[in-house]
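Hi everyone, thanks for making time this morning.

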Amino acid sequence: MLHQSLSTVLDLLVRLIIFYLPAYVANGSPVLFSKIYGSGHPIDMGIVFPDGRRLLGDGKTFEGFFTGTLTGSLVGLILTQMGLHSMSSSITLSLGAMIGDSFGSFIKRRLGFKRGEWAPLLDELPFILVALGLHQVFVCALPLEYWIVALLLTPVLHKATNIFAEYIGLRS
Ligand code: CTP
Ligand code: MG
């Protein structure tokens with residue numbers, strides 16, 4: 001009985017992580033690609049908001065936006081070929097993740113957080129919420145558990161991948 005409900009929960013978790021994967025990969029890959037493109041070209045083109053702070057900041061570049069969207073969609077393509085995803089969903093999730101990530105930086109700047117400074121929840125949630133939101137609007141509605149698990153799981157996975165990235169020297 002316990003064993004059965006445990007495997008049902010695990011089953012759901014694995015299915016959801018596979019579903020979120022294009023968004024997670026999109027969000028995580030620019031930090032890798034920035035080793036190749038360097039500082040890149042800021043999306044806000046240096047524009048300063050009326051509050052005196054940058055619109056988005058130097059951490060959000062065109063290069064990162066496109067490599068992120070592309071990498072997430074490529075992972076989606078592989079998953080689609082395996083019968084585990086669909087192209088419309090994975091492109092929407094990847095693009096949504098990068099839009100949400102930029103939106104998160106917009107809010108961070110308005111609240112006075114510096115580029116790269118950790119802002120609890122603002123670093124971890126906007127990308128997945130906007131990804132799911134675009135999916136909800138442009139592809140299809142998602143069951144409530146997709147939203148709840150995303151809210152609970154994403155900060156944990158985000159923290160874990162950051163610790164790992166620091167450990168292997170990818171992030172400081
Ligand atoms: N990155 C990028 N373009 C993007 C997103 C990310 O070039 N659209 C790269 C940048 O080199 C960035 C790194 O990936 O520094 C890590 O991304 P993130 O943590 O989202 O940016 P931060 O530097 O922390 O900036 P912010 O405070 O605005 O979140
Ligand atoms: Mg950051």
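A quick word on the ground rules. This is a predicted model, where local features need pLDDT of at least 70 and side-chain atom pairs count only at pLDDT 80 or more, while totals for chains, interfaces and linings use all residues. Residues are numbered from 1 along each chain as its sequence is written, chains are lettered from A and ligands numbered from 1 in the order in which they are written, and side-chain values use heavy atoms, with hydrogens and water left out.

Back to the ligand, then. Ligand 1 is surrounded by 19 residues, and the closest are Tyr37, Lys60, Thr61, Ser105 and Arg115. Being near here requires a heavy atom of the residue within 4 Å of the molecule. Helix H1 (2-37), helix H2 (62-81) and helix H3 (87-110) each give the shell at least two residues, and H3 has the largest share, with five. Helices are DSSP runs of H or I, at least four residues, numbered from the N terminus.

Now some polar contacts (pairs of N or O atoms within 3.5 Å; within protein, one must be able to donate a hydrogen and the other to accept it, and residues adjacent in sequence count only if both atoms are side-chain atoms). A backbone N or O atom of Gly116 sits 2.8 Å from an oxygen of ligand 1. A ligand nitrogen is 3.1 Å from a polar backbone atom of Gly59, and a ligand oxygen is 3.4 Å from a side-chain N or O atom of Asp101. On its own, ligand 1 exposes 570 Å², and the protein buries 88% of that. Those areas are Shrake-Rupley values with a 1.4 Å probe; for residues, only the protein chains shown count as cover.

Asp101 pairs with Lys60, their closest N and O atoms being 3.1 Å apart. Lys60 lies in the loop between H1 and H2 and Asp101 in helix H3, so this pair ties together parts 41 residues apart in sequence. Both Lys60 and Asp101 are buried, where buried means under 20% relative accessible area, exposed over 50%, and partly exposed in between (1.4 Å probe, protein chains only).

Asp51 and Arg110 also meet in a salt bridge, at 2.5 Å from N to O. Because Asp51 is in the loop between H1 and H2 and Arg110 is in helix H3, that bridge joins parts 59 residues apart in sequence. Arg110 is buried, at 18%, whereas Asp51 is partly exposed, at 33%.

Finally, the surface. Leu129, Leu144, Ile148, Leu151 and Leu152 make a nonpolar patch of about 470 Å². Patches take residues with over 30% relative accessible area and no salt bridge, joining like charges within 9 Å and nonpolar side chains (Val, Leu, Ile, Met, Phe, Trp, Tyr) within 5 Å. Helix H5 (residues 144-167) gives the largest share, four residues. Ile148 is in helix H5, and its relative accessibility of 41% is why Ile148 counts as partly exposed.

How values were computed
A salt bridge is a side-chain nitrogen of Lys or Arg within 4 Å of a carboxyl oxygen of Asp or Glu.
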